[in-house]
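Hello,

Here is the structure you asked about. My notes follow below it.

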Amino acid sequence: MSIDNKELTSESAEKLLAKQALKAEYKELAIQGLWKNNPGLVQLLGLCPLLAVTATVTNALGLGLATLLVLVCSNATVSAIRQWVPKEVRIPIFVLIIAAFVTCVQLLMNAYTYGIYQSLGIFLPLIVTNCAIIGRAEAYASKNPVAQASFDGLMMGLGFALVLFILGAIREVLGQGTLFDGAHLLFGDWASVLRIEVMQLDSQFLLAILPPGAFIVMGFIIALKNVIDAKLKERQPQVTEQIIERVRVNFES
Amino acid sequence: MAFWIASSPHNHNQTATSALMRLVIYATLPGVFAQWYFFGWGNIIHISLAVMTALTCEFIVLSLRNKKNIRKQLFDGSAILTAVLLGICIPAIAPWWISVIGVTFAIIVVKQLYGGLGHNPFNPAMAAYVMLLISFPLQMTSWQPPLALMTAPVDFANTLSIIFTGFTSEGYSVEQLRTTVDGFTMATPLDTLKTNVGLGFTVFETLENNIFGEHFAFGWEWINFAFLIGGLALIAKKVIAWQTPLSFLFSLFVCSFIAYSISPDSSASTLFHWLSGGCMLGAFFILTDPVTGATSVKGRLIVGALAGLLVYVIRTFGGYPDGVAFAVLLCNMAAPLIDQYSRPRTYGHTLKEHDNEQKGLK
């Protein structure tokens with residue numbers, strides 16, 4: 001009886017440990033996706049759509065949400081079929097899966113948010129070639145269970161969408177002096193109240209809207225992240241390694 | 001007793017950066033004076049605005065970078081020179097924020113973000129000019145006609161008021177100032193020529209427009225001439241090398257000569273190309289920038305020739321009337337590569353050995 005009890009307690013302890021480990025992993029995944037390993041800011045993946053469509057917040061959010069959806073679905077699918085995919089042909093299979101989801105998203109946007117669909121143009125189908133998505137499929141989803149893989153996709157997608165949003169906001173304010181211009185194209189008619197006139201510009205600052213402006217603003221955002229990282233590192237208590245000094249033992253004296 | 005023996009060269013050139021920069025700034029004075037004489041106070045106001053902004057930006061960045069001896073770096077003249085050059089290039093009656101935004105971009109992004117003086121791959125003044133031209137095409141092409149051709153005279157107070165408020169004290173807007181008696185908006189000679197040739201006029205017909213004056217380009221020819229004098233003084237003082245301007249002007253001469261020989265009706269003469277737009281300023285003050293230009297003798301000749309060709313191509317076939325700024329930026333990009341392939345032979349090596357060394361065989 002007592003032995004049974006002991007086994008039970010050790011089992012529950014193991015379960016608790018596993019639960020904690022899982023929790024820690026989810027936390028780590030969130031930190032990695034949103035900050036430490038952000039696909040836009042740190043891995044610098046998917047720069048082409050990132051720089052091309054972020055002239056306004058609405059376009060940026062449209063592409064960000066589309067990428068997020070594709071990333072979650074493709075990660076989940078890749079992870080679910082990971083036992084049956086031969087290693088040699090995994091990349092074409094991943095691409096096929098991603099392309100299938102991109103087609104779905106594209107058709108959905110064509111049906112429900114036609115204005116955004118038009119202004120995103122070629123960059124919507126080009127999500128297929130976004131390295132961030134195939135990178136996550138290869139690096140994480142093909143080796144981990146479905147739940148974790150989907151969560152990883154969600155966090156990476158959120159990180160990417162966040163960078164798109166910030167970049168779009170800065171460029172829209174600098175370029176046109178507005179925020180959420182044309183949001184009704186993405187969220188429906190009620191969203192036209194979201195439009196904010198930040199400042200009245202006599203003439204557009206075209207550089208912010210053109211691609212070079214995207215590169216410059218992106219550079220500033222990355223620099224800001226590095227500054228914050230450096231500040232955080234400074235604040236952490238410095239772990240001083242204990243130095244073991246060799247003592248010379250002189251027997252003669 | 002020990003003699004300290006330094007290795008050669010024993011004769012050092014003692015010129016400091018600040019002295020060099022000061023000389024270049026002095027050399028722009030004839031050109032600035034000519035601009036003042038023909039176009040009024042606009043450019044001088046823009047130059048002073050630009051210098052103040054440049055010093056402020058430079059000070060902010062230098063203190064952010066925790067530089068020691070800020071005072072010395074701040075007044076070494078490089079930021080002031082950038083501001084002066086940009087102020088010269090900006091249209092005289094552009095709004096005040098044009099020069100402020102331009103210089104802020106030049107100093108903070110083009111110069112200091114790349115590591116400050118001596119580390120910038122692009123000429124700050126020209127990069128800022130191109131940025132302004134792309135961002136604010138309307139303001140950057142609102143050129144003021146020469147004072148003698150204007151219907152409403154603008155004095156210092158009027159110029160100041162039009163730069164800061166957009167209207168003169170009599171209530172003329174920029175557009176009204178640019179309109180002639182006939183009701184046409186005046187453009188620069190280069191712009192007019194380009195438009196008219198595009199419309200099917202010949203160059204001779206176009207040159208009858210009074211914007212071209214008696215010779216080539218009213219006002220502009222004297223400004224360019226003044227910059228030429230300043231540039232020649234710089235060469236005489238050995239501040240800049242003669243190779244770049246010479247090969248630039250020669251290349252422009254060859255291009256325009258060929259075009260003029262083939263079809264004189266649709267292409268302007270060499271002297272028109274030499275004496276209009278930013279030609280002389282580019283040749284003597286921008287392309288000779290020691291940081292962003294080529295350093296070897298052969299390299300300077302190549303860069304100058306390339307710039308001349310590019311200026312001609314952009315002026316004739318491009319979308320913009322003047323191409324000096326774009327040509328300079330493209331040459332800045334090419335300069336390191338040109339330097340790599342035009343390294344001078346080192347003494348003490350045979351030719352063959354040297355060749356192998358360059359090919360990396362050894």
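Leu44(A) counts as partly exposed because it has 14 C-beta neighbours inside 10 Å. (Buried means 20 or more other C-beta atoms within 10 Å of a residue's own, exposed means 12 or fewer, and partly exposed is in between; C-beta atoms are placed from the backbone.) The phi of Leu44(A) is near 55°, a positive value in a residue other than glycine. Leu44(A) sits in the loop between helix H1 (2-36) and helix H2 (47-52) of chain A.

This is a predicted model: local features need pLDDT of at least 70, side-chain atom pairs count only at pLDDT 80 or more, and totals for chains, interfaces and linings use all residues. Residues are numbered from 1 along each chain as its sequence is written, while chains are lettered from A and ligands numbered from 1 in the order in which they are written.

Chain B has a positive phi too: Lys238(B), near 60°. Lys238(B) lies in the loop between helix H12 (220-236) and helix H13 (243-262) of chain B. It has 11 C-beta neighbours inside 10 Å, so Lys238(B) counts as exposed.

Now a helix pair. Helices are DSSP runs (H or I, at least four residues), numbered from the N terminus. In chain A, the axes of H3 (residues 57-80) and H6 (residues 131-139) come within 9 Å and cross at roughly 25°. Therefore H3(A) is roughly parallel to H6(A) (angles under 35 degrees count as such). Axes are lines fitted to C-alpha atoms over the stretch in contact, with angles from 0 to 180 degrees between N-to-C directions.

Best wishes

Note on methods: Helices (H or I, at least four residues) and strands (E, at least two) are DSSP runs, numbered from the N terminus. Angles under 35 degrees count as roughly parallel, over 145 as roughly antiparallel, 65 to 115 as roughly perpendicular and the rest as oblique.
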